[in-house]
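Colleague: I am new to this structure and would like to go through it step by step. Please answer my questions in turn.

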2 protein chains.
Amino acid sequence: MFKVNENYQKLPGSYLFSTIAKKVSAFAEANPEKDIIRLGIGDVTQPLAPAVIEAMHKAVDEMGKAETFHGYAPDLGYEFLRNAIAKHDYQQRGCDIAPDEIFVSDGAKSDSANIQEIFGADNKIAVCDPVYPVYVDSNVMSGRTGVYDAKTETWSDVIYMPCTMENGFVPEFPKQTPDMIYLCLPNNPTGTTITRGQLQEWVDYANKVGAVIIYDGAYEAYISEQDVAHSIYECQGARTCAIELKSFSKNAGFTGVRLGYTVIPKELKCKDVSLHGMWARRHGTKFNGAPYIVQRAGEATYSKEGKAQLKEQVAYYMKNASVIKEGLIEAGYTVFGGVNAPYIWLKTPGQMSSWEFFDYLLERANVVGTPGSGFGPSGEGYFRLTAFGSRENTLAAIERVKKL
Amino acid sequence: MFKVNENYQKLPGSYLFSTIAKKVSAFAEANPEKDIIRLGIGDVTQPLAPAVIEAMHKAVDEMGKAETFHGYAPDLGYEFLRNAIAKHDYQQRGCDIAPDEIFVSDGAKSDSANIQEIFGADNKIAVCDPVYPVYVDSNVMSGRTGVYDAKTETWSDVIYMPCTMENGFVPEFPKQTPDMIYLCLPNNPTGTTITRGQLQEWVDYANKVGAVIIYDGAYEAYISEQDVAHSIYECQGARTCAIELKSFSKNAGFTGVRLGYTVIPKELKCKDVSLHGMWARRHGTKFNGAPYIVQRAGEATYSKEGKAQLKEQVAYYMKNASVIKEGLIEAGYTVFGGVNAPYIWLKTPGQMSSWEFFDYLLERANVVGTPGSGFGPSGEGYFRLTAFGSRENTLAAIERVKKL
């Protein structure tokens, strides 16, 4: 008789955002007259930029003619896109990253979940707590996390780096030495980040202890402060210790278009084994490229018009962030984030648990947010709101919260 | 110091099609005047059908307006597509498959590589030999295949089911009992298939021994004979033992569009653990949906116009298949396949090895094919040509082969 991967049975509950979706649809069904505003899942609402739409129409037309039809894409992604990424996201910022160190994918969620596959089962992972749940869940599925303690909501073999009000949401070097360190900066869900100098310390630490940093830069486009790095490769020595994951979801609204990329410098090795070569092998075996049309859409985000249009879109969402932030402060909440990220992280009022506040907000204001505890035990007592709604909905949601 | 997944180091050479691509580009560079015809990798050459192009343009326009913009897709895929699949690919054929048993993905290659993740590491896999290399390679990466013997080119923990001229390329029940059985029918690379009655025997066998059949039906659209099943769910009892993988790459030319789906019936369980629930969890954690535009393109393949256009496209490629088959027979080759599949499988002449014939064909006729040994040890002495070229190139290639 066949056997299942028993690690899956260890996973508590379902994926955070699936749980929220189920709760919200149950509420909507029971209260069909209520106008629910969703500031929960980090999904965007603004349409794709005109430059992107134009590029996609053009690419669709190409697919309709034999002379310009495109079948299987090159393993690592089309050169036109990898060249644009290398130039605009790295070389123009003084980062030494070549096009053939970039792997184009169907999004940073897949990459952040799949990247652990090229590492041994006995590596110890360290994660910020709270953080995007996919890092831990994907390692649970691979059996890398030990035993789950339902009381503390922690895994025995995961090193948690608490990020709370007390330390300004900045992770500290763990007591136990990790092999793989996940850093999501600017952070999802806290919306906070660290300075370039602090990031350099992490790079130095990783090189010293022989750890790999898996650096999720999905929210890089929202950085507004000067002393925050836009890529980990701005730091000295990152080429020997860091993998960077990037997304087009938040800077270009590609959540439903699906495009991301992973950078693995060729110097990143375990003894003489190149992680670049391993990821190339995985990419070639377990994936078959992002759609041609989507890669052309990605390329368009780097054109002059595309860049200007995306800048406007980011500004639109960041205006929402300040609407939320200022509104909540006015309503008496303690609030973080919203400066270098499209997330507002608030302390739940009156000792409410994260899920209690979720229900309270859903039932009383018909506003959907995300319970902080869903991102890790240190997220308990916090709550995330996203700036990705429309202006109208964002304003309405905050008015409702103010009236509670 | 972090450690890598050592299973990757066990993989011999690179992914088959990457090796071929490198050999061909080396030859092209050394011989820039040669006109190379590629009948190697199974990539299509005909443009997307007009109904698909129209649907994609419409979907692109929707993505450009706030009112019709689509962000993250539902976990399992959009209902409009899952409903169309359930209706046209299953219910109209009398197969009892519901829309919520269908998981839309970015293609059957990813699914066929990822599906093993929900199974325990100690399952024993059985594969047809020769077969699409991804099944074995993905299991190697997960440590399920034991030790590699370079001499026989086999893995100690893989059950090989030889498919050769001697048994008409029909796999036989293995002596050792497998837990997971990969069946690709019609088969890639041999182009042969089995009857509905023979498939029923496999379903009965799997239910008897408690094995799961992973049924890859990527070439289903090419079936021309009456007594061949279009889905494994045409067989009694398949709902308790079979997972079916389907692709839009070959029936609709989506190799560069990226769309596929996996069916897991809700009855398919290991004791009380549902594989459907596990795959849903994996889908929700390690994947984030196929693009909206691509899912609309998939839906269009089921419209009246779409179906008629795809039928023409399949007929075009099958005409190529007969051009190749008849031409090779005329030239004295022993040839198989090409009736229910777009692949021609030939015996290499004069005791040549598969790679010797690859070089011979590339150098002397400037035609690229695929060495049979790349698909497994029993593929040695065979060679695959695909019918996915243009008519002009197909005719030219066969003329060159005839002149050798």
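The questions below go from the single chain to the pair of chains.

Colleague: How many helices and strands does the secondary structure of chain A come to?
Modeller: This is a predicted model, and what follows is computed from it. The C-alpha trace of chain A spans about 55 × 55 × 50 Å along its principal axes. Its secondary structure comes to 12 helices and 17 strands.

Colleague: Among contacts in chain A between residues at least 6 apart in sequence, what share joins residues at least 24 apart?
Modeller: Burial gives some background: 65% of the 404 residues of chain A count as buried. As for the contacts between residues at least 6 apart, the share that joins residues at least 24 apart is 73%.

Colleague: Is A:Leu310 buried or exposed?
Modeller: A:Leu310 lies in helix α10 (residues 304-330) of chain A. Beyond its neighbours within four places in sequence, it is in contact with A:Ala49, A:Asn251, A:Ala252 and A:Thr301. Buried means under 20% relative accessible area. The relative accessible area of A:Leu310 is 8%, so this residue is buried.

Colleague: Which residues of strand β3 of chain A are buried on each face?
Modeller: In a regular strand the side chains alternate between the two faces of the sheet. Five of the five residues of β3(A), residues 125-129, are buried, so the strand is largely enclosed by the rest of the structure. Both faces are covered. On one side the buried residues are A:Ile125, A:Val127 and A:Asp129, and on the other A:Ala126 and A:Cys128.

Colleague: In β7(A), what is the bridge partner of A:Ile125?
Modeller: β3(A) pairs in the parallel sense with strand β6 (residues 158-162) of chain A over five bridges, and there A:Asp129 has A:Pro162 as its partner. Three bridges join β3(A) to strand β7 (residues 180-184) of chain A, also running parallel. In β7(A), the partner of A:Ile125 is A:Met180.

Colleague: Which are the edge strands of the open sheet of seven strands in chain B?
Modeller: The strand order of this sheet is β2-β10-β9-β8-β7-β3-β6, with mixed pairing. An edge strand pairs on one side only, and this holds for two strands of chain B. They are β2 (102-105) and β6 (158-162).

Colleague: Why is α3(B) largely enclosed, and what do its buried residues pack against?
Modeller: 10 of the 14 residues of α3(B) are buried, so the helix is largely enclosed by the rest of the structure. Among them are B:Val52, B:Met56 and B:Val60.

Colleague: In chain B, which residue has the C-alpha nearest the axis?
Modeller: Chain B is superposed on chain A by a rotation of 180 degrees with 0.0 Å of shift along its axis, at an RMSD of 0.0 Å. That is the relation of a two-fold axis. The C-alpha nearest the axis in chain B lies 3.1 Å from it and is that of B:His57.

Definitions and conventions: Residues numbered from 1 in each chain as written. Chains lettered and ligands numbered in written order. Predicted model: local features only at pLDDT ≥ 70, side-chain atom pairs only at ≥ 80, totals over all residues. Heavy atoms only, no water. Least-squares fit on C-alpha atoms with pLDDT ≥ 70 in both. Buried < 20%, exposed > 50% of the residue type's maximum accessible area, 1.4 Å probe, protein only. Helix = DSSP H or I, 4+ residues; strand = E, 2+ residues; numbered from the N terminus. Pairing = 2+ DSSP bridges. Contact = heavy atoms within 4.5 Å.
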